[in-house]
Amino acid sequence: MYIFVRIWLLLLVLHTLALAVVARRERRNVLFIIADDLRTSLGCYGDPVVKSPNIDQLASKSQVFLNAYAQQAVCAPSRTSLLTSRRPDTTRLYDFNSYWRVHSGNYTTMPQYFKSRGYFTMSVGKVFHPGIASNHTDDYPYSWSIPAYHPASFKFEKQKMCKGEDGKLHANLLCAVNVTEQPGGTLPDMESTDEAVRLLKSRADDDVPFFLAVGFHKPHIPFRIPQEYLSLYPINQMTLAPDPDVPKLLPPVAYNPWVDVRMREDVQKLNISFPYGPIPKDFQLCIRQHYYAAVSYMDAQVGRLLSTLDELGLTDSTMVVFTSDHGWSLGEHGEWAKYSNFDVTTRVPLIFYVPGVTTLRDWWGEPAFPYIDVFTQSELSFKNDKVIRNVVELVDVFPTVSYMAGHRAPEPCPDVSFQEELCTEGNNLAYTFRHRERGEDEEAISFSQYPRPADTPQVNSDLPDLKDIKVMGYSLRSWDYRYTLWLGFNPNTFQVNVTDVHAGELYMLAGDPGQDNNIYSDSDHSVMMRKMAGLPHTVSLQMRMKLQLLYLTAGMKASRRKA
């Protein structure tokens, strides 16, 4: 009897391994989830305050990229860059006011690529940035098999929906509500989840594979969220950012004056001076409380989606990708919102669940993603077994999703790719699923950028129109450093002047992880700039900045050795 049991177990193991090999090659469905303004404030990223059990549960069965960065910390440019795998200098979208197919090139998007390979593609909520940036159609019919869905209740998001102390309704930043009192008794992300669940059910028994993109609006402001989520974060337990002051050596051009936050009625009442005036500490705590509550609310919607995969038997055939368009400052450097090149605004979660790769099938019928009610099961904790610590970028998502879903990844773009419809300016990260990370990769970098209208903070510094852009801040993030140059930019020709340096930033992350001590001025840049001037004009800005960083940091290391 013992021998038969051993043989049966051996056959079961071999059968599981064989199916895992097949799973690596088969075409998978794709559930692509993107949050709005979500920094890495998640339990699976080590945040000790937040309660995000459903995303943490997903991460425990996924590969988690701990250092993923957006290419521009604002919605439309970042989403267009992610979905086309082209950088903002190629999409030429730095604001919300142009459609890449008309303005720069007819670039193929990730959902369009899947559609061309026989997938039924669907969009729910905020995936592309709505409006001009996606041709007022969310890029339908190029990207989607059916028109994109937007929740009807979103139209109330910018209206006076927040009950104030005076009993009247206001357009506030802080806007926790009784959902039953809201129009339709619902909120946008709840509606989007309902529609996404409906679409999953409609595709469950179809032989045609699907690509479903679901974009949640939260934690984007205003914080119009169910009021019960505030109870998860008692205000007397909230703390301020560890570095709430504007760094002394921060160049004025680098500062974002968070105008969209200032515009809210409850913030206007605080009478904060422009641009550097700090928000009162008690209100800072309230903002942080509401942001975390919004994350937990959004996490619950993710949980509903994932548990639906289980209920429909789709977990073993559907790849799940979870990410965000960019981060959000919660008082770090005296800043709020996005609109900068710091880690808190460019770093995002990036989680890949690939059945048969990041986890094996559960033959005992246990659900992979049971819904977790944060109010009753907040004590649950999860461990990430598969993490990648080296730097990656959101332009890497398109080629990686394509390959891991069973398709050929787009080829790398040439140096000038405006005429190339299908190519990637990112990297296919599929190799990271096959090989254990061997330590830090000093060659791995992310490249972000942010435009400014002037060298000092203006009312349009956060989101200048293309015609008003005078300076572009290019930022290189490696394992050890963040290096940023603010360079002259011509919005008519889209040309950057590499010799017109308005300001610089350099942070050594080992001793300054918050990026508060700018040491750019500690070095003499004249010799380095003369060397750079001798480079051929064909050398890309990214390569120039990599060479500059090597020169600057080599000098620093030599200085430390002498000391």
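In the predicted model, C162 is buried, with a relative accessible area of 4%. This cysteine forms a disulfide with C175, the two sulfur atoms lying 2.1 Å apart. C162 belongs to strand β4 (residues 162–163) and C175 to strand β6 (residues 174–177), so the bond ties together parts that are 13 residues apart in sequence. The torsion about the S-S bond of C162 and C175 is about -100°, and the disulfide is therefore left-handed. C175 is likewise buried, at a relative accessible area of 2%.

A search of the whole structure finds two disulfides. The other pair is C413 and C423, with a separation of 2.0 Å between their sulfur atoms. Both C413 and C423 are placed in the loop between α12 (397–404) and α13 (431–434), ten residues apart. For C413 and C423 the S-S torsion is about 90°, so this disulfide is right-handed. C413 is buried, with a relative accessible area of 17%, and C423 is buried as well, with a value of 3%. When bonded cysteines are counted along the protein chain, the disulfides follow the pattern 1-2, 3-4.

Further cysteines were also examined. The sulfur of C286 has its closest cysteine sulfur in C175, at 14 Å, which is too far for a bond. Because the cut-off for a disulfide is a sulfur pair within 2.5 Å, a distance of 14 Å excludes C286 from pairing with C175. C286 is partly exposed, with a relative accessible area of 23%. C44, by comparison, is buried, with a relative accessible area of 8%.

Note on methods. Residues are numbered from 1 along each chain as its sequence is written. This is a predicted model: local features need pLDDT of at least 70, side-chain atom pairs count only at pLDDT 80 or more; totals for chains, interfaces and linings use all residues. Side-chain values use heavy atoms; hydrogens and water are left out. Helices (H or I, at least four residues) and strands (E, at least two) are DSSP runs, numbered from the N terminus. Buried means under 20% relative accessible area, exposed over 50%, partly exposed in between (1.4 Å probe, protein chains only).
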